[in-house]
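Please keep the structure open beside them as you go.

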Amino acid sequence: MGKVVATYTVRPAKETPGGYRCLSDSDQVRAVTHAPTFYFYPPVNVSLESATEILRHSLSEALVIFYPLAGRLHWIGGGRLELECNALGALLIAVESEAKIDDYGDFRPTPEIRALIPSVDYNKPIHELPLLLVQVTKFSCGSMSLGLGISHTIADGLSALHFISEWAKIARGEQANSPPFLDRSVLLTPEHLTAPVFDHPEFGPQPLLIGKQDNMEERKRETTTLVLKLSKDQVEKLKDKANKDRSPSANKRPYTRYEAIAGHIWRSACKARQHESQQPTLLSIIVDARNRMEPPLPPRYFGNGTFRVTAESTSGELVSNSLGYASGKARQAIEKATHEYLQSSLVYVKCQEDVTNFRNFHTVGCAKGAFFGNPNIEITSWARLPIYGADFGWGQEIYMGPGGIGYDGKVFVFPGQAQDGSFAVALRLQVRHVDAFQKFFYEDI
């Protein structure tokens with residue numbers, strides 16, 4: 001990890017609104033974890049002390065605007081939480097490391113990468129845990145990293161990136177001019193809705209391997225992470241391949257790049273895992289509801305505006321049919337996310353006496369959490385997120401990515417650093433499936 005030089009509790013620079021605030025029904029099913037991300041920066045003539053002071057003072061200013069991140073969570077029963085805006089602050093750690101940036105290879109989320117992000121002791125009472133943790137690390141080669149853990153209960157990816165962007169503006173001496181919309185009541189279930197109008201398989205049990213009564217054996221298998229690159233030409237080939245055999249029921253609109261990539265990942269995983277032909281397999285996709293709701297959520301909504309939707313097939317159907325079949329399944333899942341369906345999902349959550357199981361489903365990979373892996377895949381897309389441009393005054397980052405991928409079958413898809421139409425795919429798989437997955441991933445393009 002390196003040597004910890006300084007540790008700060010950073011509170012808002014000015015008095016901020018206090019009191020308890022409700023969380024939305026979408027927030028209530030999020031894992032009680034901190035989403036880990038990291039940024040690498042090229043060598044720069046800035047000392048660790050100077051960089052830390054810039055971060056500390058600018059973060060204090062940013063927390064005036066994004067004051068929920070300076071608060072704490074409290075349990076209120078039934079697996080639900082509420083937010084106390086008490087300005088207790090965020091954690092900032094400064095570290096010196098003898099490592100060099102080249103030691104981190106392709107930047108895949110290894111334990112060494114995870115050590116660049118502050119860890120959280122979840123055995124402590126939840127009201128003692130900061131909602132934002134930051135670590136700045138200075139390497140012996142002059143490069144730096146910024147590792148962040150942001151409470152997943154408080155913010156999804158787009159909200160977190162909005163905060164980072166505004167914080168970076170302040171650090172550069174610019175004016176933060178894009179304030180967040182902080183009223184989460186817009187995603188509370190309307191009182192007149194008392195029952196969901198759709199079935200919601202995304203909250204139900206996931207398929208198990210044929211012949212298994214539980215997933216305990218799969219939980220014990222060794223897993224690893226990898227990052228695969230797709231050039232712009234490879235992405236276009238996948239898209240053309242998916243559309244070449246597009247089913248008549250897929251409507252006239254061509255498959256998107258994301259639908260093609262999602263279908264390709266699902267098929268490649270099924271091939272690599274060597275499932276039986278009749279093996280049920282589920283594809284889970286995280287969709288942004290901000291512009292799907294009617295009316296759309298207010299601009300710069302700060303909270304969890306994403307929902308899970310699912311598609312199910314059999315391994316045999318996915319492998320024996322063309323990419324267009326798998327991409328069509330992905331499209332059907334995404335198109336299911338209408339305003340009516342998303343609102344029904346909120347009602348479904350509201351109707352539960354206890355949402356602990358839903359939280360555990362999101363806390364996959366944890367010892368007491370649910371399990372999502374083999375034979376299933378879950379994809380989170382950062383394809384349309386502004387993940388680059390976090391310049392805190394020492395230049396453009398050279399890489400940004402997830403700092404951890406918690407469980408077998410979890411996938412992140414995000415644009416390449418050059419922003420030239422290329423993509424990166426970061427995922428976690430069982431070690432025994434990795435070589436075969438990489439083989440099919442590239443051979444089938």
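1. A polar contact is a pair of N or O atoms within 3.5 Å; within protein, one atom must be able to donate a hydrogen and the other to accept it, and residues adjacent in sequence count only if both atoms are side-chain atoms. With that term in hand, look at Thr153, whose side chain reaches the backbone oxygen of Ala31 at 3.3 Å.

2. Before going further, note that this is a predicted model, in which local features need pLDDT of at least 70 and side-chain atom pairs count only at pLDDT 80 or more, while totals for chains, interfaces and linings use all residues. Residues are numbered from 1 along each chain as its sequence is written, and side-chain values use heavy atoms, with hydrogens and water left out.

3. Where does Thr153 lie? Its place is in the loop between S8 and H3, where helices (H or I, at least four residues) and strands (E, at least two) are DSSP runs numbered from the N terminus. Thr153 counts as buried because its relative accessibility is 0%, the scale being buried under 20% relative accessible area, exposed over 50% and partly exposed in between, with a 1.4 Å probe and protein chains only.

4. Contact means heavy atoms within 4.5 Å. Not counting residues up to four places away in sequence, Thr153 touches several residues, among them Leu23, Asp27, Arg30, Ala31, Asn304 and Arg359. Thr153 and Arg30 are 123 residues apart in sequence, yet 5.2 Å apart in space, C-alpha to C-alpha.

5. Turning to the strands, an open sheet of six has the order S1-S6-S7-S8-S3-S13, with mixed pairing; two strands pair if DSSP finds at least two bridges between them. The edge strands are S1 (3-10) and S13 (399-402), each of which pairs on one side only. Strand S3 (residues 34-41) is joined to S13 by four bridges, and the two run antiparallel; Phe38 has Gly401 as its bridge partner in S13.

6. Two helices lie across strands of this sheet. Helix H1 (residues 48-65) lies across S1, S6 (90-96), S7 (132-138) and S8 (144-151), running at about 170 degrees to S6, whereas helix H3 (residues 157-171) lies across S3, S7, S8 and S13, running at about 135 degrees to S8. For such angles, axes are lines fitted to C-alpha atoms, for helices over the stretch in contact, and angles run from 0 to 180 degrees between N-to-C directions.

7. An open sheet of three strands has the order S2-S5-S4, with antiparallel pairing, and its edge strands are S2 (19-22) and S4. S2 and S5 (residues 80-85) pair over four bridges, and the bridge partner of Arg21 in S5 is Leu83.

8. Is His74, which has a relative accessible area of 18%, buried or exposed? His74 is buried, and its place is in strand S4 (residues 72-77). Its side chain makes a polar contact with the side chain of Glu84 at 2.6 Å. Leaving aside neighbours within four places in sequence, His74 is also in contact with residues including Tyr20, Ile126 and His127.

9. Finally, the axes of helix H5 (residues 232-244) and helix H8 (residues 323-335) come within 7 Å and cross at roughly 90 degrees. H5 and H8 are therefore roughly perpendicular to each other, since angles under 35 degrees count as roughly parallel, over 145 as roughly antiparallel, 65 to 115 as roughly perpendicular and the rest as oblique. Leu238, Lys241 and Ala242 of H5 make the contact with Leu323, Gly324 and Ser327 of H8.
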